[in-house]
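Okay, everyone, let's get going.

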Amino acid sequence: MSEARSEDNGGNAATFDTHPGADAGVTPESPLQWSRVQGRVTEEGGAAEQIRVVERPFLGHLVLRGGAITLDEAVRAELGVSLPGKPLGLVLDAEGSRSVQWVSPDEWLVIVPAGEEFELENRLRARLGDAHFAIVNVGGGQTLLELSGEKARELLMKSVTYDVHEHGLTVGKAVGTVFAKTSVVLRRPSEERFELVVRRSFADYCVRWLRDAGREYGLRVESASH
Amino acid sequence: MFHIFCPYCQEYREEEEFHPSGQAHLVRPADPASVSDEEWGDYLFFRDNPRGIHHEMWVHRLGCRKFFNITRDTATYEILETYRMGEQPSITAANAEVRREQGVQTADGGWQTVGAQPENSRLNEETPS
Ligand SMILES: [Zn+2]
């Protein structure tokens with residue numbers, strides 16, 4: 001496990017890498033481990049269903065707080081995308097694997113591929129220096145589910161209070177809302193895909209809800225094995 | 001069910017995403033040590049309970065998680081306007097009737113209570129930007 005003392009990243013805070021790595025002898029478990037044991041989640045791939053739910057576990061989730069102008073400069077330098085300044089904005093990098101999302105007027109959620117968040121956090125801290133900001137690694141507390149298929153929107157209509165019609169949840173929009181009595185961050189990164197960022201401890205509940213609500217269409221939940 | 005316009009998210013959301021947090025515009029005494037017990041007690045425990053126009057603090061707990069203010073009619077449940085923290089209401093008990101007669105409803109020009117104007121097609125026609 002690598003650590004960075006506060007002196008190494010601009011003197012703000014000590015950070016540590018939450019991905020222990022293969023040599024540490026610790027096997028990370030996805031938030032859907034229990035669902036997998038229960039047979040509610042299958043390996044990735046298989047016959048096509050009308051709705052496909054894929055878990056993307058272990059991604060790097062960072063919450064950035066501070067002034068938009070200060071953070072925008074740092075994020076553009078380190079990630080190559082600009083901070084969405086408009087409410088509910090979601091931007092992706094050219095590859096589509098890194099995203100920055102507006103959460104509130106002084107808060108953004110950054111999601112990057114697994115293992116990148118430790119270095120990114122240190123680089124952002126070093127760049128932001130003495131500015132008034134906060135960065136918190138929240139990757140351990142939430143997980144991301146991808147929803148695709150022609151009936152995905154219909155499934156969401158039964159599950160969230162938000163208007164998921166084309167004019168409500170446009171591509172490049174992300175909202176916090178209610179999903180089956182729990183909270184969710186609902187994202188629309190592209191035309192054919194929705195993303196749900198759910199609490200780790202609610203992940204199994206959300207999967208069970210999705211399986212039940214998706215039964216009429218045919219739905220499979222998949223998670224890459226680790 | 002309220003349909004509430006969040007001044008931070010800049011769109012209407014279902015009431016389920018929000019939580020009320022009591023009377024708005026309470027000012028904490030600047031120097032608590034120097035106020036009388038009565039003044040401190042008033043600040044801590046006593047709240048207005050008007051019939052009619054009331055200014056309330058709400059939080060968009062499942063959305064942006066920001067607190068903001070609502071001017072609401074406690075008799076009809078009609079939400080007259082929503083505005084950010086630090087801002088002052090444009091509708092108060094003193095000017096409510098005048099403003100209603102003038103047809104001024106909210107800063108954003110929409111009725112905010114579903115049911116208050118069931119025939120109002122505006123909410124459905126409005127395309128969120
Ligand atoms: Zn909001």
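So, the zinc ion: which residues hold it? Four of them in this predicted model: B:Cys6, B:Cys9 and B:Cys64 each come in through SG, and B:His60 uses ND1. The donor distances run from 2.0 to 2.4 Å.

What about the geometry? The angles subtended by the four donor atoms are 106 to 116°, so the arrangement is tetrahedral. The cut-off there, in case anyone asks, is that all angles have to lie between 85 and 135 degrees.

The spacing reads C-x2-C-x50-H-x3-C. Take B:Cys9 and B:Cys64, a pair that links distant parts of the chain, 55 residues apart. You'll find B:Cys9 in the loop between β1 (3–6) and β2 (11–14), while B:Cys64 is in the loop between β4 (53–59) and β5 (67–73) of chain B. Are those two buried or exposed? Both B:Cys9 and B:Cys64 come out as buried.

Okay, zooming out to the whole of chain B. We've got six strands and three helices, and if you walk from the N terminus, the order is β-β-β-α-β-β-β-α-α.

A few overall numbers before I stop. Chain B has 129 residues, and 38% of them count as buried. Of the contacts in chain B with a separation of 6 or more, 52% are between residues 24 or more positions apart. And the accessible surface of chain B is about 7,700 Å², with carbon and sulfur atoms making up 50% of that.

That's me done, happy to take questions.

Note on methods. Residues are numbered from 1 along each chain as its sequence is written. Chains are lettered from A and ligands numbered from 1 in the order in which they are written. This is a predicted model: local features need pLDDT of at least 70, side-chain atom pairs count only at pLDDT 80 or more; totals for chains, interfaces and linings use all residues. Side-chain values use heavy atoms; hydrogens and water are left out. Donors are N, O and S atoms within 2.8 Å of the metal (3.2 Å for Na, K and Ca); water is not among the atoms, so sites may look incomplete. Four donors count as tetrahedral if all angles lie between 85 and 135 degrees; four count as square planar and six as octahedral if opposite donors are over 155 degrees apart and all others between 65 and 115; anything else is irregular. Helices (H or I, at least four residues) and strands (E, at least two) are DSSP runs, numbered from the N terminus. Buried means under 20% relative accessible area, exposed over 50%, partly exposed in between (1.4 Å probe, protein chains only). Contact means heavy atoms within 4.5 Å. Accessible areas come from the Shrake-Rupley method with a 1.4 Å probe; for residues, only the protein chains shown count as cover.
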